[in-house]
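Here's a quick briefing on the charged pairs and the nonpolar core. Have a look at the structure first, then read on.

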Amino acid sequence: MRNPRWKIAIGLVVVATLSTTAAYADHVFDDLPDERFYADAAEWAKDNGITVGCNGGADFCGEDPVTRGENITFAKRYHD
């Protein structure tokens, strides 16, 4: 089953919040307004090298499903 990217981002932030202090940036993705409840999570993931975004890094594409390969890549980058 495919999950939207925001679900993965939220999960990563929960883990990061429990294990370390997260640093947040200002509006990193063009398609992600600050009002979205997962905006901080997505920005944290980009700042920490877990995601590079989509469309050349300009967008987050939060409503797109996450493939199994992308999910594994996020987990590996988080682990490293």
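A salt bridge here means a side-chain nitrogen of Lys or Arg within 4 Å of a carboxyl oxygen of Asp or Glu. By that rule, searching the whole structure turns up 2 salt bridges. Keep in mind that this is a predicted model: local features need pLDDT of at least 70, side-chain atom pairs count only at pLDDT 80 or more, and totals for chains, interfaces and linings use all residues. Residues are numbered from 1 along each chain as its sequence is written, and side-chain values use heavy atoms, with hydrogens and water left out.

**Salt bridges**

- Asp-80 pairs up with Lys-76 through their side chains, at 2.8 Å from N to O.
- Asp-80 is exposed at 65% relative accessibility, while Lys-76 is partly exposed at 48% (buried is under 20% relative accessible area, exposed over 50%, partly exposed in between, with a 1.4 Å probe and protein chains only).
- Glu-63 and Arg-36 form a salt bridge too, at 3.2 Å from N to O.
- That pair ties together distant parts of the chain, 27 residues apart: Glu-63 sits in the loop between helix H2 (39-47) and strand E2 (65-66), and Arg-36 in the loop between helix H1 (5-19) and H2.
- Helices (H or I, at least four residues) and strands (E, at least two) are DSSP runs, numbered from the N terminus.
- Glu-63 counts as exposed at 53%, whereas Arg-36 is partly exposed at 35%.

**Nonpolar core**

- A nonpolar core is a set of buried Ala, Val, Leu, Ile, Met, Phe, Trp, Tyr and Cys residues joined through side-chain atoms within 4.5 Å.
- The largest one has 16 residues, and those with the most contacts inside it are Leu-12, Leu-32, Trp-44, Ile-50, Phe-60 and Phe-74.
- H1 and H2 each bring at least two residues to this core, with H2 giving the largest share, 5 residues.
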